[in-house]
Structure formats: structure tokens, C-alpha cells
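Visitor: Could you show me how to read a structure such as this one, feature by feature?

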Amino acid sequence: MKGLKIIVLAKQVPDTRNVGKDAMKADGTVNRSALPAIFNPEDLQALEQALRIKDQIPETTVTTITMGPVRAANIIREALYRGADDGVLITDRRFAGSDTLATSYALSLAAKKIGKFDLIVCGRQAIDGDTAQVGPQVAEKLGIPQVTYVEEILEVNKKKITVKRRLENGVETLVAPYPLLLTVHGSAPECRSRNAKLLMKFKHACTPAELVREAEDYLRLHDLHDYLDITEWNVDDLNADLTWLGLKGSPTKVQRVENIVFTVKESIQVKPDKEGIDGLMKELIAHHNVG
Amino acid sequence: MGNFYNDNSDLGFYLNHPDVQKIIELKERNFSEKESFDYAPQNIEDAIDSYEKVLEIVGSICEETIAPNAESVDQEGPHLEENEVLYAKGTEENYAKLVQAGLIGMTLPRKYGGLNFPITPYIIAGEMISRADAGFANIWGLQDCAETIHEFATQELKDKYLPLFNKGATAAMDLTEPDAGSDLQSVALRAYYNADKDQWFLNGVKRFITNGDADVSLVLARSEEGSEDARGLSLFLYDRNEHAVTIRRIESKLGIKGSPTCELVFNDAPAYLIGNRRMGLIKYVMSLMNSARLGVGGQAIGIAEAAYREAVKYAHERAQFGKAIIQFPAVYEMLTNMRVRIAAQRSLLYETARLVDTYKAYLEVAEDRKLEKEERMDQKKHQRYADVFTPLLKLTASETCNNIAYDALQVHGGAGFMKDFPIERIYRDARITSIYEGTSQLQVVAAIKGVTTGSYLSRIREYEEMQVNPELDHLKKKLARMTATYEEAIALVTENEDQEFVDFHARRLVEMAGNIIMGHLLMLDAQRDKSFKYLAELFIKIGYAENDEKLSYIKESEIRDLGTYRQVIEDYIA
């Protein structure tokens, strides 16, 4: 019997953790050119979970799917450097302006096209939108069960998986059969680093669009090795219904974005003695600031 | 996220040195492995690109894991449990990351699971890891032992042990004994051959063994009964799975506390002979020690870099008398001198790495085909230079590292003496570099050959032949004057043909050569990249003055002074 077939959904995002003063444009949207494009952190943690399953169950394959512009192929390569088997870039101008609903529609079509998967793993949410909607929507569109906020895989075999969920007030352990979608919480372990041999093996991997720009010396390599071809799918490859895509397929309308700077509105004086500190701690616990 | 490779442009600068291209050509032999290994490079440019990308992996693990763990590793250290060395938690994490990233066995051939990297990028990786945590760098750097197995062991041993390294096997070199430190000829640990079992066995004690509980240990032992010198010693491989060694204790040390230093007792421990009997110390350990000395050179510069960065940061943050202390000449002079000396030592480090790389790559080629006459001469020349540059590097880099750590702590003032800043750990870690793998005093014994045989001078003449831009001409002239001073000093020291007098001044002569060589190297760096011009100017200024001072002392020195030196100590004890 073969191993599991796992799909990892990953997004290339602007690195909003290190924002400078140019991070937002005047109209309130993210200024993508001012921020480095990175692998969404929780998606990277999702990849780690997929790779851990691959480490445990022989013949398991991990395929990364990402949707974005041509340069999002970097996400596929980053996953290959860490142990993924292959990847698909969904790219097409007609996807531009997609909100979470349109994105999950495209991703679900890609998952269907890959077919016969056991598990889809993705991060809980992306650091640019923080909606946490795409994972659950993909599961709904595919009609498969989902477990969100996964922190740890406790047990996994070819039939079912046992996971620990990180919830606001505690943890929950669930057992689920396949096919299944998991969203991975930020408290899960960090992803492993790139592997030297995999990096050297896959550094020339590229999409057909990128291949045009590869140096001539390396074109021969692509003829020899299929693993260097990153699959690229557009709207037609996915047989997508245009009314569900792009701006047209996106019911989310951003009305206004405000730049809010937190300021101190009030202050309290705490006496530097046992009672003062005690009172402060109690108040912080009561307001769930700590504890 | 920061990255220890990308935040130090010197590293990429030396990786891209023109000589590295020749090394890659030799090492990759027409890129013959590009069909058989999916990670082999297609051409020179592809190879350098791979090195850079892999060094970025190292740089990111240094930044994100090894450096943040350094403090807890220093505090926790390794401990002994049921005859087993358990690393500190952070050490375990660091090593697991490097194994997972495939960074053990970097220089081994691909057929043994290695990356087939030249020594130059391997030393760059070592420098970065040492900057992150010098003690941990030892555990990682002992992969050098794999090279010794590769160079000298039987095919059977190579096939069995070399593939283990990339999977994470740890290594140790067991040389020192209670009565055999600098003088390894007195090694007493006994090896005997049991003909019935067709097996060697080891009995005896080893002391101060870094990573003593490693998976694979190379052990120097006396295989020839009744012998007393180096010719009775052979090198053996001991496999930890034999469980025939008792770890008596882990030493409590001043620095590099994360690295376990063990006292070992071999109890009839089965072992395999490496190479030929009697060649243990004479050939194999000398080769192993040279690799280790180059590694310590890199480690010393990594530590110095860490110390310098801590000092600069503190000097910017700390204000006294209404301004940041970096603005006071007394402070910025220290900092600039640190930067200049690190640059000089680093240029010597990578020059030495390239020399070693070149001759070793020729030796690898020679395994496949006979070298042409010209190639053989080129190999010999590079080996001759490597043999005298290695101790020069180990001596000067480790001493400079200590001076820089000292000054970097000084910049911190009282705060540096407290445990609150990383500098106190760096200061303690620096101290070992001038002691192990041969003390500074022993490096001089090896390096003085570079002075007396004229090897340093002939390399200096080669540098003089290289064209430089007119704006560097004043440096070239100054270096020529330094070389004249050096020759004058050699003549004064050697004219009486008194060995003790030569020994007495040996370090001075070696250091003079070092200053001239590093001056040339920095000037040539400036030729390739303008940003090195100030570094070259300042270093040559300092080196010029230092060499003058040494010559002046030598001029004043007479053979009868040696008696006075001895008399002063004797009078005091009496």
C-alpha cells in the first residue's frame, strides 16, 4: 500500500512583521513593493507537519499549491528545498483581486485536479489578511471534514490521524479519517531549514514562464529532469467559472482602512509594594491580559 | 530575519576570489558528476551559486538557532550519565538542525554522501558557526576526522564509516594523554594485535578529548612494543558501538563550556588500523592537525568578529559625558583596530584555505590520473606554502582573537565584567584558541621553517609581482620597506648560527612575516574591491611600526642575553 498523498496550501505574503513607515499606501492597502515577499509563517508550519508525516509514513508525497504572480514560484521552491516532492503555481491575471472566497474556489479546483489526496494542510491564516477563512472554505467547497487550529499531530497512520487543537481556553484532541483538511496554528513547531542537497537539486526548478529566462546552460537540465518543472495552471487549466473569480467573484468589499496608532489614554499608579503588585496582577488576570 | 552570511560581505568576497575558480575546476573534474548526482554543479558559476546558497542556510541557522542558544548552552553544558555524554539541550537542537540541513561531511565526496565542497566554503561556514557559538563549533568542526578517514583508511573502512557523517555521526580525535600534550611522541596508550581474532585492541588513558563520546573516534596509540618515539605510533578508528571505553569525567573549563572535554579509559577496546602502522603521528595526525589548525584559525576569527560586533553595539548605546562613548578617540581607536586586524586575519585565513584547497584538489585528481609535470610542481608549491601558512594563521589569528576579546570587554567597562552581556562568554571562549591544536609557542616551531627556508619570502615576492593600481602604489612601497626590514632581522638572528638564539627570536620573525603577508593580501583585496583600501592602509601602518619595533629589539639583542634571561628566574627562585 502506498503512503499518504498530502497537499500543502501556501501563500506568498508581504513580511508584515517587519514593517517600515512605507508599509501602507495612502489608500489603505498594503504596499507590497516596500515589503519583502515571504512564505506565510503558518503555512510554513503547515509544511513542517506534512513533512513530519512524510518522515513517518514511507512513500508519502507532499505537493505544494500556491496562487499568485509568477514570483510566487519561490514558495514552491522553498517547499522543495525542505522536502516537498512537487508543486503547482496557480497564476493568471484573471485571478487578480480575488478575496478569500474566490481564492478558495481556485484552490479547491486545483486540489480536485490533483485528485485522490488524503490530506490538505494549510496555515490557520496569512499575516497580510488575517482572515483564517481560506482553509475552512476550501474544505467546504471540496465537501471534506476539517480540523482547524492544529498544534500537534499525536498519531498518524494510513487510515486516520489524531491531532491536538490549540483553542482559546485549552486544548482538544480529535481523531479524523481521510480525506481531511487541517489548518495549523502558530503554536505548532517551526519549519525545518532548507536542506543543502535538496537546495542544490531544486534551485533550477522553475515554471514555464520562468524557464524562458533561464540561462541556456541550464535549459538542457530541464529536458533531462522532469522534477525541475514546476506545474503552472491558469483559469482554463482549472476549467474555472469566471463569475466566481477575481473581483467579480469576490463579495468582500473593503470600505475603508484606517491607520490606527495606539496611544495611552489613561494611566494608573501602582504602589511598589506587595499589595500594589498583587492588585495589578489580579486585574491583569481578570482582564485576561495574563494567565 | 538576519543572516550571518549576508550580514558580512567579507565572506562572499573571499568565496568569489579568482583562485577559487581553479579550485572548483580541479575539484569537480570537468563537472563529471553532473549526470550521476542531482545536486552536483553544472559549471563554475553554478558551483559558486550553490556554495552561496548553502552558506545562507548556515547563516540562517546561526542567526536563528545557534547564537540564541549560546548562553543557555554555556550555562547548562554537557553532563555524564551512565557512561554517556549528554549535550546541553541547545547543543542537541543546534546539531539536529545542521544534520537536517545536510551540513555534516561538507567536504566529503558525493559518493560518500558529502557535498564535495572545497575547504574554503567549509571554513566560511566554520567561521560563522564560531561567531554564533565557539564551543559548539568544535562539535561541528570535528567532521574534519572524516577527511582523515577519507585520505588514509582502507576502502572497506571508508565505505562503512564515511556515509554515516552526512547522516549526523559525530567525531573525535583522541591524541592527548596525561603525559603527552604538546609532545605527542610520548603517547603511551597501547594497541596490540590479536591474530586469532584478526583485530586490534586498545588499552590506556586519553585526556582532554573534545567530544570524547563521539560516534567515531580517531585514536593515536603505541602499536610497536618497546618503541619510544613517533615511529612506534599508529592511528586507529574506534566505533562507539563497541562500548569498550569508560568516560571517567567531563572537565570543568574556563570557556567553550558547551563542548564536552573528556577523560577516557580504553578497556581492551576493539579498533581498526587506519593506513599503515608507524605512520600514525608522522603522517596522519600531522595531516589531521593541519586541518584542525586551519579550523581553529577560522574559529578564532569567528570569535573575534562576535567580540567586535558586541563592542561596536555597546559603544554606540553607552553614553558618558553626554555622548556615545564611540565618539571618544580612545574608544574608536580600539574598535577600528579590531576591525582592521580582523580583516587582515581573515584575508590570511582564506589565503591559507585556498592554498590547502589547491594542493588537496590536485591530490584528489591524482587518484584518477597521473598529474602532468606542471601540475605536480604546482601541487608541491601550494603544499609547501600551506605547510607554513597554516601555523602562521593559527598563531596570529588566535593571538589576535584574544587581544580583540580583551579590548571588546574593555569597551564594555564594568558591564563587561558582569555576566549580563555576551562579551564575558566570548572572552572566556577566546582563551583556548591559542592553546589547543598546538599552543602558540608550538606554532612558532612549525612556522619558523617558513622564515628559515625562505618560503614566506618567496610568497611575498609573488605578491610583489602582482600589478596594483597607482593609488595603491604607496602601500606597495611601504611593504617593500617592511620586507627589507624583515630580511635584515633574519640576517641578524641567523648570522651566529646559534639555534637557541634563533628559537628565542623565532616568534618575532614569524610575526614580522605575518604582518608583511597580511599587508600584501589586504592591498590585493583593495585592488579587487575599493572598500578594502582604508583597511589595507591602516593595517600596513600598524604592521610597519610593529616590525620596526621588533627589528629594533633584535638589533639590541645579543646571544649572552639568553643567559641573563635564565639567570633572572633562577635568582628569584633561589
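Guide: Let us begin with helix packing, for which axes are lines fitted to C-alpha atoms, for helices over the stretch in contact, and angles run from 0 to 180 degrees between N-to-C directions. Helices (H or I, at least four residues) and strands (E, at least two) are DSSP runs, numbered from the N terminus. This is a predicted model, in which local features need pLDDT of at least 70 and side-chain atom pairs count only at pLDDT 80 or more, while totals for chains, interfaces and linings use all residues. Residues are numbered from 1 along each chain as its sequence is written, and chains are lettered from A and ligands numbered from 1 in the order in which they are written.

Visitor: At what angle do the axes of helix α9 and helix α11 of chain B cross?

Guide: Helix α9 of chain B (residues 280-317) and helix α11 of chain B (residues 373-412) have axes that come within 8 Å and cross at roughly 20°. That angle makes α9(B) roughly parallel to α11(B), since angles under 35 degrees count as roughly parallel, over 145 as roughly antiparallel, 65 to 115 as roughly perpendicular and the rest as oblique. The contact of α9(B) with α11(B) draws on 19 nonpolar, six polar and three charged residues; here Ala, Val, Leu, Ile, Met, Phe, Trp, Tyr, Cys and Pro count as nonpolar, Asp, Glu, Lys and Arg as charged, and the others, Gly among them, as polar.

Visitor: Is the crossing of α9(B) past α11(B) left-handed or right-handed?

Guide: A crossing is left-handed if the near helix is turned anticlockwise from the far one by less than a right angle, and right-handed if clockwise. By that rule, α9(B) passes α11(B) in a left-handed crossing, whereas α7(B) passes α9(B) in a right-handed one. The helices α7(B) and α9(B) pack at an angle of about 150°, with axes 10 Å apart. In this contact, Asp144(B), Glu147(B), Thr148(B), Glu151(B) and Phe152(B) of α7(B) meet residues of α9(B) including Tyr284(B), Leu288(B) and Gly295(B), where two residues are in contact if their C-beta atoms, placed from the backbone, lie within 7 Å.

Visitor: Is Val296(B) buried or exposed?

Guide: A residue is buried if 20 or more other C-beta atoms lie within 10 Å of its own, exposed if 12 or fewer, and partly exposed in between. Val296(B), which is found in helix α9 of chain B, counts as buried because it has 30 C-beta neighbours inside 10 Å. Leaving aside neighbours within four places in sequence, Val296(B) is in contact with Lys394(B), Ser398(B), Thr433(B) and Glu437(B).

Visitor: Which residues are buried in helix α8 of chain B?

Guide: An α-helix has 3.6 residues a turn, so residues three or four places apart point the same way. In α8(B) (residues 155-166), Tyr161(B), Leu162(B), Phe165(B) and Asn166(B) are buried. They lie on the same side of α8(B), because they cover an arc of only 145° around the axis, the arc being that of the directions from the helix axis to the C-beta atoms. On the other side of α8(B), Glu156(B) and Asp159(B) are exposed. The cover over the buried residues of α8(B) includes α7 (144-152), β6 (216-222) and β7 (233-239) of chain B. Just after α8(B), Gly168(B) takes a positive phi of about 120°.

Visitor: Which residues does a cis peptide bond join in chain A?

Guide: The bond joins Tyr178(A) and Pro179(A), with omega at about -10°, and Pro179(A) is found in the loop between β9 (170-177) and β10 (180-184) of chain A. Chain A as a whole has eight helices and eleven strands, and buried residues make up 38% of its 291 residues.

Visitor: How many residues of chain A are in contact with chain B?

Guide: Between the chains, 13 residues of chain A are in contact with 16 residues of chain B. On the side of chain A that touches chain B, α5 (196-202) and α7 (216-224) of chain A each supply at least two residues, and the largest share, five residues, comes from α5(A). By class, that side of chain A has five nonpolar, two polar and six charged residues.
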